[in-house]
Amino acid sequence: MEKNGKRVVILGGGVAGSLVAKSLQFHAHVTLVDPKEYFEITWASLRSMVEPYFAERTIINHRDYLTNGDIVTSHAVNVTETEVLTADGHRIGYDYLVIATGHADSVPKTRRERLNQFKEDNQKIKSSHSILIVGGGPTGVELAGEIAVDFPDKRVTLVHRGSRLLEFIGTKAADKTLNWLKSKNVIVKFEQSVDLSTLTDGQKMYKTSNGETIEADCHFLCIGKPLASAWLKETVLKNGLDAQGRIKVDEKLRVKSRNNIFAIGDITDIPEIKQGFLAQQQADVVAKNLKVMIEGGRECRMDTYKPHSTVAIVSLGRKEAVAQFPFLTIIGRIPGFIKSGDLFVGKTRKQMGLNPDSAHA
Ligand SMILES: Cc1cc2nc3c(=O)[nH]c(=O)nc-3n(C[C@H](O)[C@H](O)[C@H](O)COP(=O)(O)OP(=O)(O)OC[C@H]3O[C@@H](n4cnc5c(N)ncnc54)[C@H](O)[C@@H]3O)c2cc1C
């Protein structure tokens, strides 16, 4: 049981926030605020679209790993020096606050609804001969890879606004990925966009910005989401935001000029690419630092977080991937062996204190 009455409130039950909540639940009175009832292993979502059963292990009710804490299923809408206000009217007092609201995304509230969404996406893929993917970042590329490998008879077209794929990593990785997609008969079109305001499902002809028409039975939008920090702009933390809406943090991951408020994950201004495995490392640093503070330890015992150089693995179907390491970029079965089979799902479940192999134990 928790050792003292310190109240830690965590905003956002994604990759970073959930891990902090899990780690601190027996050290403080933890409250997790998240608009949905579950934690989602985001990097497995594309596999779940071609194999909906895969999502059984990747959509995890917060209550499964947070057995000793409060859960408020709502958006945080305001924060003061002492409390958080939520959209459904809760006022939650805090001694320590952790902000981990990542990117704004509209996903269903319950686990069951999210699982059904994957089944619907899967039906959409299965019943289509031709599929349009809008966006050539990691999400669009991974989805194209999943469909091309599991459904080689589908005609997949990927339209990307930029001049190359995977702009968050180097050109070598992008070129290798383009060749791989072409080898799987994926048609890739650069420097064009599709007018998103007019998109409907059931539409067969899609017009691109340079006047081309693409015929497809369905489409998937795989474009970047805005940061979920707009709600902070009218709060006491408004000066903690940079021009892009990211939260400025110091090396101990505290919001600049705040002693008891931390921020982690995609929402921060840490100069590195935004990735889940880094969000997890930041969560570990903050959990450790909060334990030190709660126990009245000295600041010198706190951990610091150093930005990482670009390491990324983008899966390409079930067995292959493209990986960028500091001095090496490789594509094929070796990086695929590291990531593409289980997509780190068992590892992540284990980290959350859950059975890596089954959602039912
Ligand atoms: C399709 C996809 C594939 C990816 N693949 C990889 C990969 O292979 N490897 C990798 O390392 N990373 C990958 N990433 C990136 C990784 O998922 C993110 O870096 C990671 O999720 C960031 O964690 P986070 O906790 O900061 O934010 P998130 O995981 O986005 O969580 C934010 C949480 O905050 C909640 N929230 C939002 N607004 C509010 C509010 N006002 N109040 C309360 N809660 C709020 C949201 O509901 C959500 O639960 C991928 C991302 C996507 C989308």
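Tutor: Here is a tour that begins with the core and moves on to the parts around it. One note on reading it: residues are numbered from 1 along each chain, as its sequence is written. The model is a predicted one, where local features need pLDDT of at least 70, side-chain atom pairs count only at pLDDT 80 or more, and totals for chains, interfaces and linings use all residues.

Let's begin with two terms. A residue is buried if 20 or more other C-beta atoms lie within 10 Å of its own, exposed if 12 or fewer do, and partly exposed in between, with C-beta atoms placed from the backbone. A nonpolar core is a set of buried Ala, Val, Leu, Ile, Met, Phe, Trp, Tyr and Cys residues joined through C-beta atoms within 7 Å.

The largest nonpolar core here has 49 residues, and Val 8, Ile 10, Val 20, Val 98, Ile 264 and Val 286 have the most contacts inside it. Two or more residues each come from strand 1 (7-11), helix 1 (15-24), strand 2 (29-33), strand 6 (76-79), strand 9 (96-99), strand 16 (261-263) and helix 7 (276-294). Helix 7 gives the largest share, eight residues. These helices (H or I, at least four residues) and strands (E, at least two) are DSSP runs, numbered from the N terminus.

Now zoom in on Val 286. Leaving aside neighbours within four places in sequence, Val 286 is in contact with Val 20, Val 98, Leu 253, Phe 262 and Ile 264; contact means that two C-beta atoms, placed from the backbone, lie within 7 Å. Apart from this core lies another one of 48 residues, including Leu 132, Ile 133, Ile 169 and Leu 181.

Helix 1 is mostly covered, with ten of its ten residues buried; Lys 22 and Ser 23 are among them. Strand 1 has four of its five residues buried, so the rest of the structure largely encloses this strand. Strand 1 also pairs with strand 2 in the parallel sense over five bridges, and Leu 11 stands opposite Val 33 of strand 2. Pairing here requires that DSSP finds at least two bridges between the strands. In general, strands of a sheet pair through backbone hydrogen bonds, either parallel or antiparallel.

Strand 6, another contributor to the core, belongs to an open sheet of three strands in the order 6-7-8, with antiparallel pairing. Strand 6 and strand 8 (91-93) are the edges: each has a single partner strand, so one side of each lacks a neighbour in the sheet. Strand 6 pairs with strand 7 (residues 83-86) over three bridges, and Val 79 has Val 84 in strand 7 as its bridge partner.

Next comes the ligand. Around the ligand there are 33 residues, of which Gly 12, Gly 14, Trp 43, Gly 102 and Gly 265 come nearest. To be counted as near, a residue needs its C-beta atom, placed from the backbone, within 6 Å of the molecule.

Beyond its neighbours within four places in sequence, Gly 145 is in contact with Ser 315, Leu 316 and Gly 317.

That leads us to one more open sheet, with three strands in the order 17-18-19 and antiparallel pairing. Its edges are strand 17 (312-316) and strand 19 (328-332), each with a single partner strand, so one side of each has no neighbour in the sheet. Strand 18 (residues 320-325) and strand 19 pair over five bridges, and Phe 325 stands opposite Leu 328 in strand 19.

Leu 166 sits between strand 11 (155-159) and helix 6, and counts as buried because 24 C-beta neighbours lie inside 10 Å. Its phi is near 45°, a positive value in a residue other than glycine. Most residues other than glycine have a negative phi.
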